Amino acid sequence: MKPKTFLITGGAGFIGSAVIRHLIDHTQHSVVNVDKLTYAGNLDSLKMVEENDRYRFAKVDIGDAKAIKRLFDTYKPDIVMHLAAESHVDRSIEGPSDFIQTNIVGTYTLLEQAREYWQKLDTPQKASFRFHHVSTDEVYGDLPHPDDANAPASLPSFVETTPYAPSSPYSASKASSDHLVRAWHRTYGLPVIITNCSNNYGPYQYPEKLIPLMILNALKGRSLPVYGNGNQIRDWLYVDDHAHALYTVAQKGKTGETYNIGGHNEKRNLDVVTLLCDLLDELAPAHNRQLPDTNGRTIHSYRDLIEFVQDRPGHDMRYAIDASKIQRQLGWKPQETFETGLKKTVQWYLKHSDWCQNALNQHKTP
């Protein structure tokens, strides 16, 4: 297979950096990493590839049409993988403006520059060009929960044709960007593919997300805040499995199609936190660290730090992905179970406290 050039937006982020590491380590393709380096963008996640002659970085905002055009003209990408997005639900509730600007206006700008570039390509490259838009399962809203009085005996999962019903400003902005991508395919013929993934976890995740936040709080003896009663259910996907899935879709996916990507790991949030506590008790025992709780008493298990807090407004209660289409049509399935992936994740954070501290120091959260 002839090596291609991937232009990846948001490549310094959690999922984007995993995709880039996969491409550089396991393929002969070239990568152009386009990222404006907001608080969640961290080039430390790519130190192991930054000297590779197949890797380039451009600090560019996807909303800057002139700068994006220059990148297309300079690097002549074969595949655009669009991951750049504001992605934290709590932040979208506190301040939705950035989410509208980046996720909707930014996607529109990128689509227009991609369309202009694609229309000028010669026939062979034009035929192989792909615009791969990476989205979320949150666009579908939520699903019946097993605790619901009227829950069906067989609980449904999200499929690619599930109607959109976003709940938060974040998920609404991602739903809007999905609609734009499909419109550019239908109206202009731009060869697009969309993927919608479940909750990602793994190494190099910014410490505001549930799993790294709980790990780092626990190691410092801080409270482990759990929304509501912790019964919210998510499907968890190990980030390296997701990176491999995205590469598989970019290479083999059919234009105009949507592929749902999930980890086959539905877990209640409270169960995720307690499993993390048990892993930390095994790998970095609380009683050995002499950690005090908020009352100054030495804790014996990290579970002692769990604290239930007021639930998030409009909190979806259950997500679940049916990933049978991508397995059936493209041959992808996750390699990690939740237990194996979570243990790898905890071990990574225990060994990389410097990365975590640098990430927090580089961009102080508002």
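Biologist: Why is V34 called buried?

Modeller: Buried means under 20% relative accessible area, with over 50% being exposed and partly exposed in between (1.4 Å probe, protein chains only). V34 has a relative accessible area of 1%, so V34 is buried. Bear in mind that this is a predicted model, where local features need pLDDT of at least 70 and side-chain atom pairs count only at pLDDT 80 or more, while totals for chains, interfaces and linings use all residues. Residues are numbered from 1 along each chain as its sequence is written, and side-chain values use heavy atoms, leaving out hydrogens and water.

Biologist: What does V34 touch, beyond residues up to four places away in sequence?

Modeller: Contact means heavy atoms within 4.5 Å. On that count V34 touches L7, I8, T9, G10, G11, A58, V60, I68 and L71. V34 itself lies in strand 2, residues 30–34; helices (H or I, at least four residues) and strands (E, at least two) are DSSP runs numbered from the N terminus.

Biologist: And N200, what makes that one buried?

Modeller: Its relative accessibility is 9%, so N200 goes in as buried. N200 lies in strand 7, residues 199–201, and touches F14, I15, Q205, W236, L237, V239 and H242, again leaving out residues up to four places away in sequence.

Biologist: What makes a set of residues a nonpolar core?

Modeller: They must be buried Ala, Val, Leu, Ile, Met, Phe, Trp, Tyr or Cys, joined through side-chain atoms within 4.5 Å. The largest such core here has 41 residues, and I8, M81 and I326 have the most contacts inside it. Among the elements that each supply at least two residues of this core are strand 1 (5–9), strand 4 (79–82) and helix 11 (324–330). Apart from it lies another core, of 35 residues, including A218, V272, L280 and A359.

Biologist: Which residues does M81 contact, leaving aside neighbours within four places in sequence?

Modeller: F6, L7, I8, T9, V19, H132, V134, L246 and A250.

Biologist: How much of the protein counts as buried?

Modeller: Of its 366 residues, 55%.
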